[in-house]
Amino acid sequence: MTSWTETETFAALHHGLPRQAPGSDATTRLLAELARPVPDRPRVLDIGCGPGRASLVLAEHLGAVVEAIDLHEPFLDELRDAARARGLQDRISATRASMDALPFPQHHFDLVWAEGSIYLMGFDAALASWQHVLRPGGAIVVT
């Protein structure tokens with residue numbers, strides 16, 4: 001018998017769903033508006049992106065350049081396919097990375113986004129770990 005990791009179990013339970021957490025495209029757009037002001041073509045980090053529904057909305061709604069990270073490569077493949085289908089492949093990068101070891105330089109992003117994923121690290125730990133990649137004056141949006 002094969003033992004599944006927590007990530008594999010989560011992925012199996014959520015396979016085929018457009019989102020892995022509560023929310024909607026309208027919620028993502030509203031939260032993006034509340035996070036303003038952001039620069040034109042803001043740099044956004046979508047942490048725990050799943051198949052990237054929020055990444056797609058942010059790229060379209062804000063004109064953002066999005067770096068989306070998740071541990072589950074099939075979710076990232078779904079995002080890459082969806083980005084190509086919408087003509088957003090030049091604005092969305094999907095990278096396999098852990099939210100607790102972000103591979104990005106200090107002050108790199110205008111907006112750090114974690115829609116339905118912060119609970120995996122815990123609120124305090126996540127904010128402490130993620131704040132270094134946020135530029136001064138930037139915003140962190142979590143649900």
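# Salt bridges in a predicted model

Q: How far apart are the closest N and O atoms of the R36 and E33 salt bridge?
A: This is a predicted model, in which local features need pLDDT of at least 70, side-chain atom pairs count only at pLDDT 80 or more, and totals for chains, interfaces and linings use all residues. Residues are numbered from 1 along each chain as its sequence is written, and side-chain values use heavy atoms, without hydrogens and water. A salt bridge puts a side-chain nitrogen of Lys or Arg within 4 Å of a carboxyl oxygen of Asp or Glu. For R36 and E33, the closest N and O atoms are separated by 3.1 Å.

Q: Is E33 buried, partly exposed or exposed?
A: Buried means under 20% relative accessible area, exposed over 50%, and partly exposed in between (1.4 Å probe, protein chains only). E33 has 37% relative accessibility, so E33 counts as partly exposed.

Q: Which helix holds the D25 partner of R53?
A: R53 and D25 form a salt bridge, with the closest N and O atoms 2.8 Å apart. The pair links distant parts of the chain, 28 residues apart. Helices (H or I, at least four residues) and strands (E, at least two) are DSSP runs, numbered from the N terminus. R53 sits in helix α3 (residues 53-62), and D25 in helix α2.

Q: What is the relative accessible area of D110?
A: D110 meets R135 in a salt bridge at 2.4 Å, N to O. D110 lies in strand β4 and R135 in strand β5, so the pair ties together parts 25 residues apart in sequence. R135 counts as partly exposed at 21%. D110 is buried, at 12%.

Q: How many salt bridges does a search of the whole structure find?
A: One network of salt bridges links E73, D77 and R80. The search of the whole structure gives a count of seven.
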